[in-house]
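Please read it alongside the structure shown here.

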Amino acid sequence: MACNFSFPPLTPEQIAEALHTYGLAPTANLRAEDIANPQPDLLPAVISNFLATVVDPTGADDLDGQLGFDALASLDNPEHYMEGIRVLRLHKRASRFLESIQFPGFTLRDLLRPDPRRLVQVLSALINFLYYRDDKLALLQPIIHEFPNLDERCMELKAKLAEHQKAIADHELAAQMEEPMVQQLEAEVNSLKQKLVEYNKKQLALRANATAINDKKEETHRKRALEEKKTARAELKNAEKIATQSVQEKTATLEIYSKGYEKLSKHSTKIQALQEQVTATKALEKEVKARKTKISDESVEIMALDTKIIEWDGKVHEMEEHVKAKEKKRDQIVADENQKLAALSSEVEWKLKCLEPRERKVEETIAKATKLCAEVDSTRTDAAEELQLIYAKFQQIGHAFTCYKDNFKSFLE
């Protein structure tokens with residue numbers, strides 16, 4: 001036989017003998033005269049046997065035909081079309097195979113009503129393909145003998161591949177199950193951001209009110225005595241202390257957000273590492289055992305990360321309650337300050353009538369009080385700048401978390 005595949009015409013006797021040899025003859029008494037004077041059902045029978053035994057022994061290609069029968073369900077009398085569908089499927093499969101061996105031009109007429117010359121050409125192509133395949137298999141026999149357990153090894157690798165594919169599917173399912181939790185966490189974080197923005201707005205409003213109160217106090221200080229000024233200075237120090245405590249609490253809140261962001265970053269890094277390990281499982285012949293161990297380790301790490309996410313979720317809820325308590329406390333302080341200011345205004349109005357002789361001494365005291373107020377304003381300005389720096393840091397954390405969220409969402413997809 002030649003090394004390159006070709007299909008020279010064979011005689012009817014050679015064709016009949018080859019069909020019997022390869023088990024493709026439709027009947028046991030097929031003769032050369034049947035090929036020289038063919039019947040319409042000869043070629044469809046031979047091609048059906050050829051496709052069933054040589055091309056698709058497992059019958060997997062029959063799934064394509066099931067679609068055709070499903071489509072027939074929309075017809076009134078599908079049984080009238082079953083034979084036509086079967087013939088069309090047979091022609092399509094035969095034509096696809098013949099084109100793959102460089103024998104184009106196989107028509108439906110060649111299948112149903114071939115002339116003797118065309119029948120000999122088609123059958124010669126099929127038989128020459130079988131000869132060519134036998135030659136190639138004969139060349140591969142020494143290699144096959146060197147690996148006697150190759151089929152068992154292939155089955156083992158297929159089983160391991162199926163096992164890893166199942167593990168991949170389990171990981172994908174776990175990621176899908178985690179997606180609602182991640183979305184809920186994102187919603188809660190967004191809610192906290194919104195509440196923080198509202199809290200900052202309220203703080204700005206309180207700051208404006210404090211400025212107005214300071215303006216009123218400055219106007220009152222011009223008419224008050226030294227004793228009242230000392231009391232006001234003590235109250236200002238108390239207010240400054242409360243503002244400092246508020247800044248410290250916000251700093252602690254930002255530290256908690258930073259820790260949460262670091263945990264989410266570590267979570268993202270570990271998930272990316274897991275994705276790389278899943279991709280590397282394609283090299284099963286070299287790293288099957290190692291990949292199986294790594295996948296088990298990553299499963300344990302994912303469970304640990306899930307536990308950390310739940311813990312972080314609890315901390316977020318706890319922080320939300322803490323913010324609510326601080327807002328309530330702040331509102332109470334503002335109400336108390338307003339009440340004190342009203343009482344102080346009444347008292348000042350009464351005392352102003354009694355303190356006219358001491359006006360000059362009060363003016364000297366006012367100069368000292370003005371200096372103290374300037375110092376308080378300077379301290380308040382520094383605190384405001386520190387708050388702005390803290391807010392800028394929080395915005396950076398929020399932006400980084402948004403980037404992480406987009407990357408994590410892309411990973412889940």
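1. Y131 is partly exposed in this predicted model, its relative accessible area being 22%. Y22 is likewise classed as partly exposed, at a relative accessible area of 25%. Both values lie between the 20% limit for buried and the 50% limit for exposed.

2. By the distance rule for ring centres, the model holds 4 aromatic pairs. One of them joins Y22 and Y131: the ring centres are 6.2 Å apart and the planes meet at 50°, so this pair is tilted. The partners come from distant parts of the chain, 109 residues apart, with Y22 in the loop between α1 and α2 (32-36) and Y131 in helix α7.

3. How are the rings of F97 and F129 placed relative to each other? Their centres are 5.1 Å apart and their planes stand at 85°; because an angle over 60 degrees counts as edge-to-face, the pair is given that label. F97 belongs to helix α5 and F129 to helix α7, so the pair ties together parts 32 residues apart in sequence.

4. F97 is buried, with a relative accessible area of 11%, and F129 is also buried, with a value of 17%. Ring pairs join F97 and F129 with F50 in a cluster.

5. Helix α3 (residues 42-55) and helix α5 (residues 82-100) have axes that come within 11 Å and cross at roughly 65°. This crossing is left-handed. On the α3 side the contact involves P44, I47, S48, F50, L51 and V55, which meet L90, R93, A94 and F97 of α5. By class, the contact comprises 8 nonpolar, 1 polar and 1 charged residues.

6. Helix α1 (residues 12-21) packs against helix α7 (residues 116-146) at an angle of about 50°, the axes lying 10 Å apart. That angle makes α1 oblique to α7. The crossing of α1 past α7 is left-handed.

7. Which residues form the contact of α1 with α7? From α1 they are I15, A18 and L19; from α7 they are V120, L123, S124, I127 and Y131. The set divides into 7 nonpolar residues, 1 polar and no charged.

How values were computed. Residues numbered from 1 in each chain as written. Predicted model: local features only at pLDDT ≥ 70, side-chain atom pairs only at ≥ 80, totals over all residues. Heavy atoms only, no water. Axes fitted to C-alpha atoms, helices over the stretch in contact; angles between N-to-C directions. Helix = DSSP H or I, 4+ residues; strand = E, 2+ residues; numbered from the N terminus. Parallel < 35°, antiparallel > 145°, perpendicular 65-115°, else oblique. Left-handed = near helix turned anticlockwise from the far one by under 90°. Contact = heavy atoms within 4.5 Å. Nonpolar A, V, L, I, M, F, W, Y, C, P; charged D, E, K, R; others polar. Phe/Tyr/Trp six-rings, centres within 6.5 Å; stacked < 30°, edge-to-face > 60°. Buried < 20%, exposed > 50% of the residue type's maximum accessible area, 1.4 Å probe, protein only.
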